[in-house]
Amino acid sequence: MALSWTISSWPLLTALGLLSCCSFGWCEASRTRGSTSGVSRQEQGPSSLERVKRGWVWNQFFVVEEYTGTEPLYVGKIHTDSDEGEGNIKYTISGEGAGSIFIIDELTGDIHATERLDREEKAFYTLRAQARDRLSNNPLEPESEFVIKVQDINDSEPKFLEGPYIGSVAELSPIGTSVMKVTASDADDPTYGSSARVVYSVLDGEKFFTVDKHTGIIMTAVADLDRETQDRYELVVKATDMAGQMGGLSGSTTVTIVITDVNDNPPRFPQKMYQFSVSEGVAVGTPVGHVIATDADMGENTDMSYLIKEGGELFKVTTDVETQEAVVSIKKPLDFESKRTHNVVVEAVNKHVDPRFVDLGSFRDQTIVRVSVSDIDEPPIFQPPEGAIMEVQEDAKVGALVGIVTARDPDVKNKPVRFSIDRTTDLEMIFHIDPDSGAITLGKILDRETAGWHNITVKAVEAENHAMASHSAVSIRILDVNDNPPELATPYEASICEDAKPGQLIHTISVVDRDEPQSGHRFYFTLAPEASSNHFTLWDVKDNTAGIRTQRSGFNRHEQNVYLLPILVVDSGPPSLSSTGTLTIHVCGCDTEGAIQSCNATAYVSAALSPGALIALLVCMLILIVLVLLILTLKRHRKGQRMAEDEEDMRDNVIKYNDEGGGEQDTQAYDMSALRNLYDFPEAKSCDSGADIRSLPQWIQANRVGGGAEGAAAATADFSLFKGYIRKKVEQADADLSVPPYDSFQTYAFEGTSSPALSLSSIHTLSTTSEQDFSYLSDWGPRFRQLAGYYAPGNPEEEGS
């Protein structure tokens with residue numbers, strides 16, 4: 001379909017040039033004007049056989065936005081070359097807005113907009129055009145697509161979508177310092193005209209800040225912005241479209257600019273002098289007062305430290321990190337009598353100094369802190385305060401003066417002071433002190449070698465107020481007196497070979513002296529007069545040691561194996577003291593290289609002994625023989641006594657076997673009849689035997705004397721009592737984990753003849769006459785298996801024999 005389009009000749013739109021035709025493809029060199037000229041194929045005559053030249057190649061219409069007229073707005077016209085104006089062609093449109101926003105005249109192809117369009121909501125509409133035969137409704141040409149664009153007008157003002165804005169800039173920033181950027185957006189078409197070209201300007205606050213009209217960057221206009229004077233500014237920034245030309249639309253926003261702090265202000269004390277009062281008796285470290293310096297800055301720029309420029313001998317200052325206060329406290333004890341007023345110069349200094357502003361002045365300030373010391377009643381003060389050191393000779397007599405301690409009342413001159421010694425530091429009461437003068441004297445004889453120093457505590461109190469007391473340490477040094485002789489360091493022993501040569505060094509000796517002379521020790525050595533001078537010599541080395549040398553050769557240890565050499569040692573005094581020590585020298589046998597082999601004098605002596613040794617040896621042997629005989633006699637005497645006791649009391653007649661059996665099952669190792677027939681008295685079976693019944697156990701006697709049914713009943717009752725008693729003992733034995741893990745034989749006996757329980761001993765029971773049944777022993781477990789075998793009932797033949 002060869003479609004062409006026609007637009008209205010609306011003067012306003014033509015004048016503004018808002019409607020145009022954009023080529024979709026290409027145009028022929030020669031063209032026709034379209035259907036508006038009334039030219040048709042039939043009217044072209046001979047040219048009808050040639051290719052028909054297309055009209056305008058089109059694809060879009062334009063319509064202005066925000067049309068406010070009462071009639072539908074004419075958009076354009078579609079037409080086909082086959083339309084001869086006879087009304088046989090019907091034009092239709094479809095697509096976006098067809099039939100609602102856009103309507104078409106089916107006969108003429110005119111398109112109108114029926115609604116007010118807004119380019120900012122929708123910039124274009126895509127539709128399709130169709131030419132059909134009105135009678136058959138068949139398409140005459142293929143459907144063609146076209147676009148209706150909404151033409152922009154300047155109907156949207158610039159808007160700051162991110163406003164209101166908040167920015168910051170440091171105080172004292174130079175002119176032109178960038179603060180922040182603001183951006184306004186315009187909904188108009190930026191590609192058409194100047195409707196969306198925005199420029200910026202400052203409406204309020206232009207004295208301190210400017211804005212770049214093209215970029216929207218806000219900058220400082222002055223260099224003396226001071227946060228301490230004004231810490232924030234409110235600006236009004238305007239954005240105008242149409243590049244700021246007359247008739248452009250505009251929008252504005254508020255910009256808050258905060259001035260940030262820099263350290264441009266030094267600390268300042270509100271006062272040039274502060275006064276405080278403190279008592280002289282307060283402890284070291286007690287705060288005297290607080291002062292603070294102010295700083296107009298903020299944050300870390302106000303951090304400061306304090307120091308003392310003058311008067312720091314008795315006071316110190318610290319900084320409270322929380323409150324930024326200076327805390328003045330006592331460094332050393334104060335004395336009202338020495339000085340009553342102290343002036344302390346305190347200085348405050350900024351911690352973080354900005355080097356850019358050092359030319360503004362010194363970032364520090366000073367003030368004077370005046371401290372007045374008030375008087376209190378103080379205890380006496382010792383001279384010297386740190387304590388006294390005294391000296392005394394160790395040989396000083398009792399009552400001798402050691403030294404004098406002094407103390408005074410700091411409040412009143414010549415006020416009496418009383419002295420005493422803290423006896424917890426002098427339990428032995430070696431020293432005494434005069435309570436008025438403070439003179440320390442000896443109470444006992446001293447011994448420097450026992451204790452070289454004595455440390456005591458002296459107490460001083462006011463005579464009129466004993467609550468005011470002070471203490472001082474007194475160290476007393478005991479000066480040495482030469483009262484101890486020198487002694488050999490150890491009991492020296494030396495060894496020499498039998499073939500030792502003359503002049504050979506045997507040993508080196510040294511001495512010790514408990515004294516400590518101030519000039520040092522000097523000892524002198526010599527052999528004592530009783531020493532054998534023909535064997536050994538002494539050599540004084542002059543360094544408080546001496547050497548022992550041989551004087552001859554040919555020592556024989558069989559003749560004499562030990563030599564005792566007395567050595568006399570003398571100190572330098574005064575007075576000189578001496579002592580004699582003994583050096584023991586053993587004569588030994590050595591090999592060819594001089595190594596000692598043996599020092600025993602009897603190593604090569606035969607078995608011959610001296611008469612004294614033989615006598616001692618014989619005496620020892622005789623004593624041993626006497627002891628052995630005495631032991632044997634005692635054993636025999638005890639054995640006979642025991643046998644006699646066994647004959648008198650049958651309850652203790654226990655047959656003891658010392659041979660070791662073969663175990664529980666071995667019953668043949670020894671004769672069991674001795675236990676089973678221990679009381680085998682045939683005459684006891686007779687009822688008329690009266691005299692011999694006394695040899696039986698008492699419980700048997702009772703049964704035999706009672707006789708008959710009553711005696712049997714009594715025996716049965718007694719046996720039940722014994723049975724319960726034995727069962728209890730068995731249970732205790734089973735529960736006792738400390739007993740041996742094998743059968744044990746236990747004996748139970750009653751003391752005395754008048755006990756109603758009589759005897760419990762099973763050994764006194766006659767196996768031939770006892771009515772007691774011991775068969776229950778076999779039910780007591782493996783531990784009593786052997787015991788049950790002892791009391792098993794015998795054969796009738798054995799009983800009758």
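Strands here are DSSP runs of E, at least two residues long, and helices are runs of H or I of at least four, numbered from the N terminus. Two strands pair if DSSP finds at least two bridges between them.

S11 pairs with strand S14 (residues 232-240) in the antiparallel sense, over five bridges. Val199 stands opposite Thr240 in S14.

A word on the source. This is a predicted model, where local features need pLDDT of at least 70, side-chain atom pairs count only at pLDDT 80 or more, and totals for chains, interfaces and linings use all residues. Residues are numbered from 1 along each chain as its sequence is written, and side-chain values use heavy atoms, leaving out hydrogens and water.

Now the whole chain. It has seven helices and 40 strands. Of its 801 residues, 34% count as buried. Buried means under 20% relative accessible area, exposed over 50%, partly exposed in between, with a 1.4 Å probe and protein chains only.

Next, the loops. Gln324 sits between strand S19 (315-320) and strand S20 (325-330). Its phi is positive, about 60°, although it is not a glycine. Is Gln324 buried or exposed? Gln324 is buried, at 15% relative accessible area.

Last, a cis peptide bond. It runs from Gln383 to Pro384, with omega near 0°. Pro384 lies in the loop between strand S23 (381-383) and strand S24 (388-393).
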